[in-house]
Each structure stands twice: as C-alpha cells, then as structure tokens.
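Me: I am new to this structure and should like to understand the terms applied to it. Please set each value against its definition.

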Amino acid sequence: MVESIVKANINQPVRMDMDPPFHKIYKTLLDNTIEESKIMTSVIEECELPLIDLGCLDMDESDEKHKCEEEIARASQEWGFFQVVNHGISRQILEELRSEQVKLFKQPFDKKSKEDKFLNFSSGTYRWGTPTATCLSQFSWSEAFHIPMTDISASNGFTNLSSTMEQFATRVASLAQKLAAILSEKLGRKSTFFQENCVPRTCYLRLNRYPPCPIPGEVFGLMPHTDSDFLTILYQDQVGGLQLVKDGKWFAVKPNPEALIINIGDLFQAWSNDVYKSVEHCVVTNPGVERYSTAYFFCPSYDIEIESGCECSLYKKFSFKEYREQVHKDVQLLGRKVGLSRFLV
C-alpha cells in the first residue's frame, strides 16, 4: 500500500516547467530501494544557533570586542555553526538578491539547463539532483547555480542579478576574511594566510532552490555532508529545513530573519588540528513550500597545502586539489563523501 502511494506521487505531472524532472530519476531509484527505511524516522528537536553581534568588533580594544571574538571561537569549537547579526550586509542587498534569485529559478528548466547560452556562465554551473546516487537517501531534491566569483559579471540578460550578486559577494568576502582572521589569531597563527590564499578567483557563490517534494520522508533536499572549504556563509529564507548534528543528535535550525549563518568547513578543521569543527548537516524537503538560500564558499587555490603546523598533527599535509579529487572519487564509487578521515595520520 505504501509503495503504491509513493509511486502514485512520483508519477504525478511535474508541477511547473521550471522544475527539474526529478520524477523520472526517482522512479528508477525507487524500484531498487523500496525496502529502504525512511530518512527521518523521529521528530527532530529545534535549536537556535549561538547568536553573535558583530557590531562589537568595531569597538577598538574594548572588552566587548574581545568577548565577541571569544564567542566566535567558542561557537566554532562547540558547534561548528553560529549565526551573526550586524554583519555589514544591508537588508536591501539581501532582499534584492533573493528577488533576483527567484526570477532566475522561475525560468523554464530547459532554458536553465542550457546555462552557457542562457546566462553565459561556464558549462556545469547549473546543477540539479545527484547523478551519482544509487539509492533515495543519496539523492538531493534541489537545483542550484554554482557560480565562481569570476563568472558573476557574466550573467547576460540578468544585469540586476549580476549587480546584486557582486554587491553581496564583495561584502560577504570581507566578512569571511574578518572571521577567518579572528579564528586564526585565536590559534596563535598568522591571519595573513587567508588574505594571501583565499582570494575572489578561488571562491564561489551557490544559489539554491529546493522545490516542493511529494515524498518528503524519502529524500533530502541536500543529503548529509560537511563542507569542503574553510568557511561557508549562508543566507536562507524563513521556510526552514537546515539540520545539523550536535553531540551525536540531529537538530533543526530555527531560521532568524536578521542573521547570516556561518559554518566551519573541512579545511579549517584540518588547519586547526580539530580545534574547530566541520559538522555534518543537511536540508530536508518540504511537501508544499519551496525554499531558497545563497551560500558563499571561502576556498583557497587548488595548489595550497593544508597543514596544522602542530608537532602532533592529526592529518597528513594535503593540497586542496588532492582533497577535492579524493572527495570526487568517493562520491563516484560510494555515492557519498568520506572527507577528512581519508587524510588522518
């Protein structure tokens, strides 16, 4: 009975021609994984991430400034996630970005999938689903434009989108540098590492859309993973759906309309010798409401080597290129990312 209901939902017509044809791929996967258990079988408790007011960082050498820096470091150690207000990105820029993002995703799927002609972006910028998935729990019910910073000004026909993305990217890049400098100084390491190695040409934006899903208990919007960068800065809407692991338990993150979410990536965990934590997180699907988010990924160039500088380092020295190649191999072979454990000493 459950199987027939799920298959009936799968075979429903695509809601709009802007949605990717998820139903075709899910039908094939469903035939092979019908005995698989639900991805979420229990009620997930909601949590509020540590909230940090970055306005205090402008108070030169004050107790409030030092307290703020300590809060950033503590949240990075204990949670791997935190949220910030007074972050330097105006409400107007955020609202304009979301408005232009919605217009972009409302274009027909056939048009979006030809992004090189449609937007003059590099081939492969537009992505949807998970081509390597071998079962439903590895599939992501989402679509995204994964845009290198050097491509932002290339979005032909969407000049407002380009302009708004540039404004957002400039400010969020400055925020990432500021946070990375604080975290490195707390480790007693040089903050100039990030100024020299995490430059605009190595970072990128990802515009995400999570369409309504007819089988929310079967698939993720974005499957559980850790980020492969130093830092991720996320601007999300109020729909909710982001979940993370804390103390071995999954929590749903309560949206905050005034805040940006910051999370530690794998490279910072390795660079800090596990002082800062890159934690597993995911996005769950919603049966009736679409969700939008924009993520900025703070990355070094591919040839930069990641090492903790500690005598008793937990990880072998590796380049960002080596890390990305290993992640790609694991995803191709296993359907999932293995991550930092591949580089343990």
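Me: Are Arg 209 and Asp 19 buried or exposed?
Reply: Arg 209 is buried, and Asp 19 is buried as well. Buried stands for under 20% relative accessible area, exposed for over 50%, and partly exposed for what lies in between, with a 1.4 Å probe and protein chains only. The model is a predicted one, in which local features need pLDDT of at least 70 and side-chain atom pairs count only at pLDDT 80 or more, while totals for chains, interfaces and linings use all residues. Residues are numbered from 1 along each chain as its sequence is written, and side-chain values use heavy atoms, with hydrogens and water left out.

Me: Why is the pair of Arg 209 and Asp 19 called a salt bridge?
Reply: A salt bridge requires a side-chain nitrogen of Lys or Arg within 4 Å of a carboxyl oxygen of Asp or Glu. The closest N and O atoms of Arg 209 and Asp 19 are 2.8 Å apart, so the pair meets the definition. Arg 209 lies in strand β6 (residues 204–210) and Asp 19 in the loop between α1 (2–10) and α2 (22–32), so the bridge ties together parts that are 190 residues apart in sequence. Helices (H or I, at least four residues) and strands (E, at least two) are DSSP runs, numbered from the N terminus.

Me: Which other salt bridge does Arg 209 form with a buried partner?
Reply: Arg 209 also meets Glu 143 in a salt bridge, at 2.6 Å from N to O. This pair links strand β6 with strand β5 (residues 143–148), 66 residues apart. Both Arg 209 and Glu 143 are buried.

Me: How do you know that the span of helix α3 agrees with its number of residues?
Reply: The expected span is 1.5 Å times one less than the number of residues. Helix α3 (residues 63–78) has 16 residues and should span 22 Å; its end C-alpha atoms are 22 Å apart, which agrees. In α3, the buried residues are Lys 65, Cys 68, Glu 69, Ile 72, Ala 73, Ala 75 and Ser 76. They cover an arc of only 165° around the axis, which puts them on the same side of α3; the arc is taken over the directions from the helix axis to the C-beta atoms. Among the elements that cover them are β3 (81–85) and α7 (159–186).

Me: Which residues touch the most other members of the largest nonpolar core?
Reply: Ile 72, Phe 230, Phe 268, Tyr 296 and Phe 298 do so, in a core of 83 residues. Such a core is a set of buried Ala, Val, Leu, Ile, Met, Phe, Trp, Tyr and Cys residues joined through side-chain atoms within 4.5 Å. Helix α7 gives the most to this core, with 12 residues.

Terms used
Contact = heavy atoms within 4.5 Å.
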